[in-house]
Number of protein chains: 2
Amino acid sequence: MRQFDFFYFFGSGYAYLSVMRIGAMARQAGIAVRWRPFNVRTVMAENNIALRTQVAKVSYMWRDVARRAATHEVPFVKAPIWPTDPDLLANRVAMVAAEGGWCEAYTLASFRAWYLEGMALGDRAHLEHVLPPLEKDVDAVFAAANAPSAHERLKAETDAARGYGIFGSPAFVVDGETFWGDDRLEEAIAWAEGRHRLQQAE
Amino acid sequence: MRQFDFFYFFGSGYAYLSVMRIGAMARQAGIAVRWRPFNVRTVMAENNIALRTQVAKVSYMWRDVARRAATHEVPFVKAPIWPTDPDLLANRVAMVAAEGGWCEAYTLASFRAWYLEGMALGDRAHLEHVLPPLEKDVDAVFAAANAPSAHERLKAETDAARGYGIFGSPAFVVDGETFWGDDRLEEAIAWAEGRHRLQQAE
């Protein structure tokens, strides 16, 4: 089985589109995806001015997400609360989920609550809404997400993303080939299947 | 006829893909494109850290352009000389060309020489290579590109781009709807044809 890593951030507007699309696409292609949340804020701070200060870009982003959601028939109500997850709590819960093997289910529930039900990421209320249906104990998960190991795993995953040349979310790494952006998901899948035109030419 | 404006910069790596694709796509859709070069450097300086200082992003960009070129069957030899056109000469010549109605032909010849023949934009040698086949006098064009009117037109076009919320190159504006990136060209065409899913839903 080839490597197919999905790097994303809880709080990344464009990651929503990939979160909603990647499962079905990967299943159809017979690809096993590793869901690897990382701290894109660290990486972006090294490369860029904070997105939230760039008015034209942010305004464009939500319109673009609305258009792309329509194109891909992904549900979209309105631009979500953003920025969100100020203390990276939603992202650290994802580390607990990844450790426990329920990261995909947590991610889907979490992004849906954020985008479609208007709940800010990183709020206790958000976790109380998302975790019980996954049969997870809120207090236990909360404690684990605040433990040093969750912080350390998030840092290690961020280092891994940086090592692949990743500077934004979402991104996909297929056998060491890095793709950035939900709009490159089709290409990443093609690469994993060995049918990308550049692979065939090289 | 609907408005379809193509905003791009001589020196933008991704603009090459649109320059090579937009003519055939627009003809097939029956769309008249206005070719509108602008100074993306001004706009990016307002929104961003200079791209050339972002090592991971630049390295990604050329690999991504190579992949996208392969996907779209656009010729690609290697990453072009970049940054290029330090004094905006190639862009100011484009103002002369736009004024004279030969901007599309100049753009195609210019990007080909830059990407496929390894010639830096803004060099006198580049213009001497590109202009004579277009039956343009190099000295006359050079003088016009250095006149105040060329500087003023470039500034006015840049203001127009900014007014459409544009913060990068290439970009497309269709009836006031802004699309950023060569990877949004298909969507912009769909919008011009009235068949984008968000248009139909709104």
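**A strand, a helix and the contact between chains**

Let's start with strand E1 of chain A, which is mostly covered: five of its five residues are buried. By buried I mean that 20 or more other C-beta atoms, placed from the backbone, lie within 10 Å of the residue's own; 12 or fewer is exposed, and in between is partly exposed. Helices (H or I, at least four residues) and strands (E, at least two) are DSSP runs, numbered from the N terminus.

Quick housekeeping: this is a predicted model, where local features need pLDDT of at least 70, side-chain atom pairs count only at pLDDT 80 or more, and totals for chains, interfaces and linings use all residues. Residues are numbered from 1 along each chain as its sequence is written, while chains are lettered from A and ligands numbered from 1 in the order written.

Back to E1(A). E1(A) runs antiparallel to E3(A), joined by four bridges; strands count as paired if DSSP finds at least two bridges between them. Phe4(A) is opposite Val174(A) in E3(A). With E2(A), residues 34-37, the pairing is parallel, again over four bridges, and there Phe7(A) stands opposite Arg36(A).

Now helix H9 of chain A, residues 185-192: seven of its eight residues are buried, Trp191(A) and Glu187(A) among them. After H9(A) comes Gly194(A), with a positive phi near 75°.

That brings us to the two chains. A rotation of 180° with 0.0 Å of shift along its axis puts chain B on chain A, RMSD 0.0 Å, superposed by least squares on C-alpha atoms of residues with pLDDT of at least 70 in both. So the copies are related as by a two-fold rotation axis. The same surface serves both: 100% of the contact residues of chain B recur in chain A.

How many residues does each chain put in? It's 22 from chain B and 22 from chain A. On the chain B side, H3(B) gives the most, with eight residues.

Technical notes: Two residues are in contact if their C-beta atoms, placed from the backbone, lie within 7 Å.
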